[in-house]
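Thanks, everyone. I have one structure to show today, and I will keep it short. Please have the sequence and the model open while I talk.

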Amino acid sequence: MLEFIVRKKRLVDGGGAPLSIHGRPSIEFATAFRMVLHFDESLPEGTSCALVGDIDFDDATTPMFRSECSAAGGRMLAFDVDTFTESFKEKCRAFREKLFIEVTAGDRVLLQDYLACSPRVEVDGLPPEPAL
């Protein structure tokens, strides 16, 4: 599980300072995890939210991952993320490459920041293949 605090659309540490470049985790290809975000304002119950991650937000391409959830009321959102996608495999070519993330609730942007992404380490000389 990855857990973050969000202030003014950015990921911050416990003291409210933006995360340092070294404090940002790297998400690997072919992993599944839960990302929990704590906001500084409440979200109305039932609000439909989306988390999208990509190395560039080009509308012509498929994002590396996308996850949706509904707000349960309160200040927290939990997304189930799966990076076992063809798009992630094709786009992530270097270790600790910048991975931009965005969380929206309808037309409203709640988060725009970045983490890192890495191709998964090969196992027995063969990288894992995503299901098509």
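I will start with the chain as a whole and then turn to two residues.

A caution before anything else: this is a predicted model. Every value I quote is computed from it.

The protein chain contains nine strands and one helix.

Next, burial and surface. Of the 132 residues, 39% count as buried. The accessible surface comes to about 7,500 Å², and carbon and sulfur atoms account for 52% of that. As for charge, there are 22 negative and 15 positive side chains, and the centres of these two sets lie 6 Å apart.

On contacts, take the pairs that are at least 6 apart in sequence: 70% of them join residues at least 24 apart.

Where does Thr83 sit? Its place is the loop between strand S7, residues 76-82, and helix H1, residues 86-91. Is Thr83 buried or exposed? Its relative accessibility is 0%, and the cut-off for buried is under 20%, so Thr83 counts as buried. The side chain of Thr83 reaches the backbone oxygen of Glu28 at 2.7 Å. If we set aside neighbours within four places in sequence, Thr83 is in contact with Ile27, Glu28, Phe29, Ala30, Thr31, Phe33, Phe65 and Phe88. Glu28 therefore turns up in that contact list as well as in the 2.7 Å approach.

The second residue is Glu102, in strand S8, which covers residues 97-105. Which residues does Glu102 touch, apart from neighbours within four places in sequence? They are Ala50, Leu51, Val52, Phe57, Val109, Leu111 and Gln112. Ala50 is 52 residues away from Glu102 in sequence, with 8.0 Å between the two C-alpha atoms. With Gln112, the link is between side chains: a polar contact of 2.7 Å joins Glu102 and Gln112.

That is the chain and the two residues. I am happy to go back to any of the views.

Notes. Residues are numbered from 1 along each chain as its sequence is written. This is a predicted model: local features need pLDDT of at least 70, side-chain atom pairs count only at pLDDT 80 or more; totals for chains, interfaces and linings use all residues. Side-chain values use heavy atoms; hydrogens and water are left out. Helices (H or I, at least four residues) and strands (E, at least two) are DSSP runs, numbered from the N terminus. Buried means under 20% relative accessible area, exposed over 50%, partly exposed in between (1.4 Å probe, protein chains only). Contact means heavy atoms within 4.5 Å. Accessible areas come from the Shrake-Rupley method with a 1.4 Å probe; for residues, only the protein chains shown count as cover. Lys and Arg count as positive and Asp and Glu as negative; His and the chain ends are not counted. The place of a charge is taken as NZ of Lys, CZ of Arg, CG of Asp or CD of Glu. A polar contact is a pair of N or O atoms within 3.5 Å; within protein, one must be able to donate a hydrogen and the other to accept it, and residues adjacent in sequence count only if both atoms are side-chain atoms.
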